[in-house]
Amino acid sequence: MTAFARRARASAGRMHPELSLVSYTLLGHLENSGGCRATDLASHYALDKSTVSRQVTALERAGLIERRLDPEDHRVQVLHLTEAGTQILAQVTRSRRVAFRERLTGWSEEDLTRFASYLLRYNATASQEEPLGSPPTG
C-alpha cells in the first residue's frame with residue numbers, strides 16, 4: 001500500500017508539474033460538488049483548516065480556482081474551478097486514465113472485475129476509518 005501511495009503522489013507530479021495529488025483531489029471535489037467553502041473541504045477530507053488554506057492559496061495563485069460570494073449569504077466565499085482549473089483537471093484525468101489502462105493491459109476480464117471489487121471494498125472501509133493524509137494502516 002505504501003508503494004501504491006508513493007506511485008500515486010509521484011504520478012500526479014508527472015501528469016502536471018504544479019498539481020500535487022492533494023491539489024488534484026481538491027480540484028476533483030470542487031468539480032463534483034459544483035463549488036464549496038474551504039471549511040467544507042477540510043471537513044470532507046478530515047484535514048486541518050490551515051492545510052486546506054495553504055492548498056487553496058496555491059491553487060488560487062496558479063489560477064485554477066477562484067472565490068465567489070455565495071448568492072444566498074454574501075458573508076460566505078465559495079471556491080469554484082476556473083476555466084484553467086477545469087482544463088488542467090480534465091488533462092490530468094485523461095493522462096491518469098491512459099496510465100491506468102496501460103498498467104492493466106493484458107489483465108483478464110475476471111481479474112479486472114475482481115480488482116475493481118476489491119478497490120471498492122477497500123475504499124468503502126477506508127473512508128469510514130481514515131481521514132485523507134493519515135498514515136496507511138495496511
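Which residue just after α4 takes a positive phi? Select Gly-63: its phi is about 75°. Before you go on, note that this is a predicted model, where local features need pLDDT of at least 70, side-chain atom pairs count only at pLDDT 80 or more, and totals for chains, interfaces and linings use all residues. Residues are numbered from 1 along each chain as its sequence is written, and side-chain values use heavy atoms, with hydrogens and water left out.

**Stop one: α4**

Now step back to helix α4, residues 49–61. Helices here are DSSP runs of H or I with at least four residues, strands are runs of E with at least two, and both are numbered from the N terminus.

Colour Val-52, Gln-55, Val-56 and Leu-59, the buried residues of α4. Buried means under 20% relative accessible area, exposed over 50%, and partly exposed in between, with a 1.4 Å probe and protein chains only. Look down the axis: these buried residues fall within an arc of 100°, so they line one face of the helix (the arc is that of the directions from the helix axis to the C-beta atoms). On the other side you'll find Arg-54 and Arg-61, which are exposed.

What do the buried residues of α4 pack against? Show α2 (21–33), α3 (38–45), β1 (65–70) and β2 (73–81); contact means heavy atoms within 4.5 Å.

**Stop two: the hairpin**

Keep β1 and β2 on screen. They form a hairpin with two residues between them, run antiparallel and are joined by six bridges; strands pair if DSSP finds at least two bridges between them. Pick Asp-70 and you'll see Asp-73 of β2 opposite.

Over to Arg-68, which forms a salt bridge with Glu-66, closest N and O atoms 2.8 Å apart. A salt bridge puts a side-chain nitrogen of Lys or Arg within 4 Å of a carboxyl oxygen of Asp or Glu, and by that rule there are six.

**Stop three: α6**

Jump to α6 (residues 109–129), where Arg-114 and Glu-110 lie four residues apart, about one turn of the helix. Salt bridges that share partners join Glu-110, Asp-111 and Arg-114 into one network. Between Arg-114 and Glu-110, the closest N and O atoms are 2.5 Å apart. Glu-110 is exposed at 53% relative accessible area, while Arg-114 is partly exposed at 34%.

Technical notes:
Expected span 1.5 Å × (residues − 1).
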